[in-house]
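My notes follow in the order I took them.

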Amino acid sequence: MYGLVCFNLVTFEDKEWGYGDADPVIFNPTDFSADQIVNSAKEGGLNGIILVCKHHEGFCLWPTSTTDYNISKSPWKNGQGDMVKEFQLACEKAGMKFGVYLSPWDRNSAVYGEAGYIPVYYEQLRELLTGYGELFEVWFDGANGGDGWYGGADTIRNIDRFNYYGWDSIYKIVRELQPNAVIFSDMGDVRWVGNEEGFAGETSWCMYTPKGKDDDSKPAPGYTKYWEGTEGHEDGEFWIPSECDFPIRPGWYYHENQNDAVKSSEILFDHYLKTVGRNASFNLGLAPDMRGLMHDNDLESLLGFKQILDDAFKYNLAYKQKIRTDAYRKGYQGKKMIDGNPETYWAAPEEGSMSEIIIQLDEIREINAILLQEYIGLGQRIKSFSVEVKEAGEYVVVAEATSIGYKRILTFDTVKTDEIRVTILDSRAAPVLSEIQLYSFPDY
């Protein structure tokens, strides 16, 4: 779980997308605190942030050498500030991961759409990848070309999205300068889930083959059958897990008239179940206000969300209870699923694709949620499974689902039982599970 911090010139324009014509003189967050923003994310349960260092309007939050349209031309800190650096240092202080977003589209640049823009963009990328510590993610989106200011041209500039940016060269720069960073893109290491609503598919594969909109064999960032990213592909060619990006407010940037429309803590928890609970990453859009701080309503939502998470997962009722399986591979017994260690795992015999797992509790408990994890280092295997509880001597199905992946969380009506059966109905290869956890989520 991490956040996407959206704070730029458009915050002061009360817009979502800037046109590239706003004067940097309007950018002056008088109470800005990277520490407050980063700590708000941490207190909300997030473990990293990605900063939008340049959005489509082209204004750079660091004193880049590539364009005058940057923070040094603003009155903030008398033009001597570097907001990217402040976020980096705040993350280091808080023990949070740090990542960067750099829009390929630039509605301010006079040379956007021409060959001369590409070395400018590459240099901006190099500056961010070399000047701000170790990055965990580098974020590219698919918005490419269209109307803009373009140095005063006030026109439309379209680009050849397949060839213009030279994506192979961009990825090479990231690999060389930040080898531990994952790339977010329609065709990166992490894929867009295909919506900004905060949910992955009920079926959610890490495997994925990007396909072009018109020609399956010709995908490009911003030009794919992105809707297929919601579920991924069971037979996908690449390992590209999904990331669910969605804003805490109706918009990605701060608007005063949305102060009463911040997503509640309960809604954020529902999104958690539909993202992390469906084998996807949770990337929450955070929108500091014009002071350069998180608004009180956003803070309240984040803190409440963290409290719900803590309460929901406080007691794993399956931990070190009795467990039996119909089969296992030598050295990989069922008890490894309930030892609380995701690095140990149960494995079915090589020839098996169906298995039965029974957890016996020491007493009757109220249960309404189950968490399962595959040992993802050996791939994503399980295609379908059911969950049953024993009531009055009979097993009753309480949940059925398809994929599991790194993590799957299912909720159901509260039942009282001391025996739970998980049946793996189909699997691409011998099932391998590292965790089964049981919970009684409180009402929220």
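I count a contact when heavy atoms lie within 4.5 Å. The model is predicted, so I keep its limits in view: local features need pLDDT of at least 70, side-chain atom pairs count only at pLDDT 80 or more, and totals for chains, interfaces and linings use all residues. Residues are numbered from 1 along each chain as its sequence is written, and side-chain values use heavy atoms, with hydrogens and water left out.

**Entry: Asn108.** I looked up its contacts, not counting residues up to four places away in sequence. Asn108 touches Gly20, Glu57, Thr67, Tyr69, Trp149, Tyr150 and Gly151. I placed Asn108 in the loop between strand 3 (97-102) and helix 4 (117-131). Helices (H or I, at least four residues) and strands (E, at least two) are DSSP runs, numbered from the N terminus. Is Asn108 buried or exposed? Its relative accessibility is 16%, so Asn108 counts as buried. The cut-offs are under 20% relative accessible area for buried, over 50% for exposed, and partly exposed in between (1.4 Å probe, protein chains only).

**Entry: helix 4 and helix 5.** Two packed helices are described by the angle between their axes and the distance between the axes. Helix 4 packs against helix 5 (residues 167-177) at an angle of about 20°, and the axes are 10 Å apart. Axes here are lines fitted to C-alpha atoms, for helices over the stretch in contact, with angles from 0 to 180 degrees between N-to-C directions. Helix 4 and helix 5 are therefore roughly parallel to each other. The classes are: under 35 degrees roughly parallel, over 145 roughly antiparallel, 65 to 115 roughly perpendicular, the rest oblique. I then listed the residues that meet. Helix 4 brings Tyr121, Tyr122, Leu125, Arg126, Leu129 and Thr130. Helix 5 brings Ser169, Ile170, Ile173, Val174 and Leu177.

**Entry: helix 7.** This helix covers residues 296-312, 17 residues in number. From first C-alpha to last, helix 7 reaches 24 Å, close to the 24 Å expected at 1.5 Å a residue. The expected span is 1.5 Å times one less than the number of residues. Which residues of helix 7 are buried? I found Asp298, Leu299, Ser301, Leu302, Phe305, Ile308, Leu309 and Ala312. These buried residues pack against helix 2 (34-43), helix 6 (265-275), strand 12 (280-286) and strand 19 (432-439).

**Entry: cysteines.** I searched for disulfides, meaning pairs of cysteine sulfur atoms within 2.5 Å. The count by this rule is zero. Cys60 is in no disulfide, and its nearest cysteine sulfur, that of Cys53, is 8.7 Å away. Cys60 is buried, at a relative accessible area of 0%. Cys244 is in no disulfide either, with the nearest cysteine sulfur, that of Cys206, 12 Å away. Cys244 has 1% relative accessibility and counts as buried.

**Entry: positive phi.** I noted two residues. Asn279 has phi near 65°, a positive value in a residue other than glycine. Asn279 sits in the loop between helix 6 and strand 12. At 6% relative accessibility, Asn279 counts as buried. Ala392 is not a glycine, yet its phi is positive at about 55°. The loop between strand 16 (382-391) and strand 17 (394-401) holds Ala392. Ala392 counts as exposed, at 85% relative accessibility.

**Entry: Thr203.** Thr203 lies in the loop between strand 8 (191-192) and strand 9 (207-208). At 17% relative accessibility, Thr203 counts as buried. Leaving aside neighbours within four places in sequence, Thr203 is in contact with Thr230, Glu231, Thr402 and Ser403.
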